Amino acid sequence: MALTATSVPALWRFARLDFDAVRQQRVLLYPEGVVLLNATGASILDLCDGRRTVGDIAAALQERYQCDVTADVIEYLSKLVERELIRVD
Amino acid sequence: MSTNHPTTLLAEITHRCPLHCPYCSNPLEMNRAADEMTTDDWKRVFAEARQLGVLQLGLSGGEPLVRPDVEALAAHARSLGLYTTLVTSGVGLTRQRAEKLREAGLEHIQISLQDSDRASADRIAGMSAVPQKLAAAAVVRELGFAFSINVVLHRENIDRVGEVIELAAGLGADRLELANTQYYGWALENRNALMPTRAQVAAASDVADVAIQRHRGRMQILYVLPDYYESYPKPCYGGWGRHYLLVAPDGRTLPCHGATHITTLRFDSARDRSLQWIWEESPAFQAFRGDDWMQEPCRSCPRKAVDFGGCRCQAFALTGDATNTDPVCTLSPLRGIIDRAVEESKGPPIYQYRYLSLAPAEGGGDGATRRE
């Protein structure tokens, strides 16, 4: 299923975001796995709350980055959808 | 040489186990209860692991639930921020203990199943554990843990992989690991009895491929191929001493399960040394980092960045030299060792069961079936 601007992404219920004080880096933890996040990835995942659409998330980030990031958000989240770490209703 | 931060610690807190599976990844010479580290030892090890960068903790064994302090260890791990998996047979996972583990903040439970067929499951486990496993699975599901089922595949059960998948789905597993046997420890002892045929492996892979798609979104299925039937070796744990470490019940710290096969290395204990020293300084963890240790054909091979020459433990166990190419690799001049092992493995499976008190070199006893 392809992500669009109206998709509503949420973290898999067994995945959680955390901050690793050793690496000084945000991380996504889930059963038997770790994703080390860069600042942009973490800011996208912070907004994946199961209520906001991809469009809402892109709009929120656009204020921060001063450019249209919709395509980047879709590309980033699609990889995590493929890994089933992001679920879409 | 600079070192990575490890991400994963497998804590084998005991070798004691009520099951006797002939493919157990524990070493042939196991620790007894008196050898095991204390609760405080393990808490210190977990804290040191977190300081090194570990984020994932496996509480494993043996059967970890034979120790009464699993709940305390899980709570300590959670307080450190570790994502913790309990790796259990399910035997001993009563509702009361499962509720305490939930309160302790344990996030993920993995239960092993031996087969979908009950008589076969009993035969493989060397005991009747199915009712306890099914009851444990129901409790894990009900209490809302992330729930994985793990099934080791081999000649006796691989033809039922479709039934195994449906059983796991019916139990409500979120993840199913279908792992073809890796031949270390007890599994290497039992290799002739466990090795599936090429036709069995091909049929099972087809069934798994279809099931992976069908269950997508509900149950994630991981299918681990049997390396003896592959053309290239597996990139074991992403390379020696790069991401993973294992602490045995007595504190001995290893880069992987199979490392005890490498008798030329001395592995330090977390009782005597800090985990940081072991990870960063100990000769054993440095032995096969990078690629300076490699011989041909690995040294000049572009795949060395992909699979790191394969598994050092398998190279040592099968060729006698841990710096050889993993003989699974078809570029290895010693690949014939693998091909002969595959050819020689046939006939009805007769197991040498895993017993704490019965090293294979010793005489019979304990009611274990001996291989003639």
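Helix H1 (residues 39-52) of chain B packs against helix H2 (residues 70-80) of chain B at an angle of about 20 degrees, with their axes 10 Å apart. That angle makes H1(B) roughly parallel to H2(B), a term used for angles under 35 degrees, while those over 145 count as roughly antiparallel, 65 to 115 as roughly perpendicular and the rest as oblique. Axes here are lines fitted to C-alpha atoms, for helices over the stretch in contact, and angles run from 0 to 180 degrees between N-to-C directions. The model is predicted, with local features needing pLDDT of at least 70 and side-chain atom pairs counting only at pLDDT 80 or more, whereas totals for chains, interfaces and linings use all residues. Residues are numbered from 1 along each chain as its sequence is written, and chains are lettered from A and ligands numbered from 1 in the order in which they are written. Helices (H or I, at least four residues) and strands (E, at least two) are DSSP runs, numbered from the N terminus.

The crossing of H1(B) and H2(B) is right-handed, meaning that the near helix is turned clockwise from the far one by less than a right angle, anticlockwise being left-handed. On the H1(B) side the contact is made by Thr39(B), Trp42(B), Lys43(B), Phe46(B), Ala47(B) and Arg50(B), which meet Ala72(B), Leu73(B), His76(B), Ala77(B) and Leu80(B) in H2(B); residues are in contact if their C-beta atoms, placed from the backbone, lie within 7 Å. These residues divide into seven nonpolar, two polar and two charged, where Ala, Val, Leu, Ile, Met, Phe, Trp, Tyr, Cys and Pro count as nonpolar, Asp, Glu, Lys and Arg as charged, and the others, Gly among them, as polar.

In chain A, H2(A) passes H3(A) in a right-handed crossing, and the angle makes H2(A) oblique to H3(A). Val54(A), Gly55(A), Ile57(A), Ala58(A) and Leu61(A) in H2(A) meet Thr70(A), Val73(A), Ile74(A) and Leu77(A) in H3(A), a contact with seven nonpolar, two polar and no charged residues. The two helix pairs are set out below.

| Helix pair | Angle | Axes |
|---|---|---|
| H1(B) and H2(B) | about 20 degrees | 10 Å apart |
| H2(A) and H3(A) | roughly 125 degrees | within 9 Å |

H2(B) also lies across E2 and E3 of chain B, running at about 175 degrees to E2(B). Those strands belong to an open sheet of nine, ordered E7-E6-E5-E4-E3-E2-E1-E8-E9 (chain B), with mixed pairing; strands pair if DSSP finds at least two bridges between them. Strand E7 (220-224) and strand E9 (253-254) of chain B stand at the edges with a single partner strand each, so one side of each has no neighbour in the sheet. Strand E1 (residues 8-12) and strand E2 (residues 56-60) of chain B run parallel and are joined by five bridges, with Glu12(B) opposite Ser60(B) in E2(B).

Chain A has an open sheet of three strands in the order E2-E3-E4 (chain A), with antiparallel pairing. Four bridges join strand E3 (residues 25-30) of chain A to E4(A), and Leu28(A) stands opposite Val35(A) in E4(A).

Between the chains, 15 residues of chain B are in contact with 11 residues of chain A. Strand E3 (83-88) and strand E5 (146-153) of chain B are the elements that give two or more residues to the side of chain B that touches chain A, and the residues of that side divide into three nonpolar, 10 polar and two charged.

Notes: Two residues are in contact if their C-beta atoms, placed from the backbone, lie within 7 Å.
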